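Please look through the structure shown here before reading the notes below it. The notes are grouped by topic.

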Amino acid sequence: MLLGLLAVAASANAQDTSEDQIDPQAQALVSSLHWRDGTVAVPKAKASFKLNEDFHYLEAADARKVVEQLWGNPPDDTVLGLVAPKSHDLLEDGAWAVVVTYSDDGYVSDKEAASIDYNDLLKEMQEGAEEENDARKEAGYGTVKLNGWATAPHYDSANKKIYWAKDLTFDNDGHTLNYDIRVLGRSGYLSLEAVSNMEDLPEVQTDMQKLLPMVEFDPSALAS
């Protein structure tokens with residue numbers, strides 16, 4: 001099951017929003033967003049965020065506006081929310097955000113998590129990305145190439161978390177970072193996928209470690 005858990009991970013593209021490319025529609029969209037602070041429940045994931053003053057949250061409808069309309073990704077009804085650092089406006093250089101999804105694919109044991117061959121996994125994911133490009137083009141979206149790991153996958157057995165980061169190229173133009181942490185629960189996993197430019201990896205890694213303690217499963221959903 002874990003191979004599927006990693007291989008089906010979506011790839012999100014953050015649109016280039018440098019100052020000379022920001023248009024009024026993008027500004028209007030960002031101005032319309034309803035950010036939430038503090039404790040935010042995510043009922044579909046049986047989890048909640050207890051955010052400090054450094055982060056804020058968008059619920060599903062606004063999160064999908066960012067992922068689909070602002071960033072130009074295909075429609076995705078698995079998006080449950082989006083977390084972003086308050087230190088960056090979504091339209092400024094260096095902005096990044098965390099797409100929140102949940103899958104109820106079942107329990108993953110420590111043995112299964114430790115047995116993955118990550119070289120084989122990378123090849124499978126690259127082939128899957130290539131196969132999806134025809135459908136993306138037909139739907140009017142750009143192609144995506146998985147260049148490799150930006151950070152190789154590893155499993156934290158003590159805290160039931162899987163980490164990895166993908167180096168992606170959309171439409172053969174520059175590199176996008178998808179830094180993903182899967183928080184394993186009793187019947188599924190919560191995915192926190194940070195989307196940014198590749199050069200922002202050090203900041204993303206640091207801030208994701210600050211965000212993780214703010215995520216809690218309900219007691220009934222915790223992995224044992």
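What follows is a short briefing on an aromatic pair, a tyrosine and some strands.

This is a predicted model, in which local features need pLDDT of at least 70 and side-chain atom pairs count only at pLDDT 80 or more, while totals for chains, interfaces and linings use all residues. Residues are numbered from 1 along each chain as its sequence is written, and side-chain values use heavy atoms, with hydrogens and water left out.

**The aromatic pair**

- A pair of aromatic rings is described by the distance of the centres and the angle of the planes.
- One aromatic pair is present in the structure. The ring centres of Phe49 and Tyr57 are 5.4 Å apart and the planes are at 40°, so the pair is tilted.
- Rings of Phe, Tyr and Trp (its six-membered ring) pair if their centres lie within 6.5 Å; planes under 30 degrees apart count as stacked, over 60 as edge-to-face and the rest as tilted.
- Phe49 counts as buried because its relative accessibility is 1%, and Tyr57 is buried with a relative accessible area of 1%. Buried means under 20% relative accessible area, exposed over 50%, partly exposed in between (1.4 Å probe, protein chains only).

**Around Tyr57**

- Tyr57 lies in strand 3 (residues 55–59). Strands (E, at least two residues) and helices (H or I, at least four) are DSSP runs, numbered from the N terminus.
- Leaving aside neighbours within four places in sequence, the contacts of Tyr57 include Trp35, Phe49, Leu80 and Val100. Contact means heavy atoms within 4.5 Å.
- The side chain of Tyr57 reaches the backbone oxygen of Leu80 at 3.4 Å.
- Tyr57 and Thr39 are 18 residues apart in sequence, and their C-alpha atoms are 9.5 Å apart in space.

- Three strands form an open sheet in the order 1-2-10, with antiparallel pairing. Its edge strands, strand 1 (39–42) and strand 10 (215–217), each pair on one side only.
- Two strands pair if DSSP finds at least two bridges between them.
- Strand 2 (residues 47–50) pairs with strand 10 in the antiparallel sense over three bridges. Phe49 has Val215 of strand 10 as its bridge partner.

**Strand 9 and its partners**

- Strand 9 (residues 189–197) is largely enclosed by the rest of the structure, because eight of its nine residues are buried.
- Strand 5 (residues 97–103) pairs with strand 9 in the antiparallel sense over seven bridges; Leu192 in strand 9 is the bridge partner of Val100.
- Strand 8 (residues 173–184) runs antiparallel to strand 9 and is joined to it by nine bridges. Leu192 is also the bridge partner of Ile181.
- A hairpin of four residues joins strand 8 to strand 9.

Technical notes: Polar contact = N/O pair within 3.5 Å; in protein donor to acceptor, adjacent residues only side chain to side chain.
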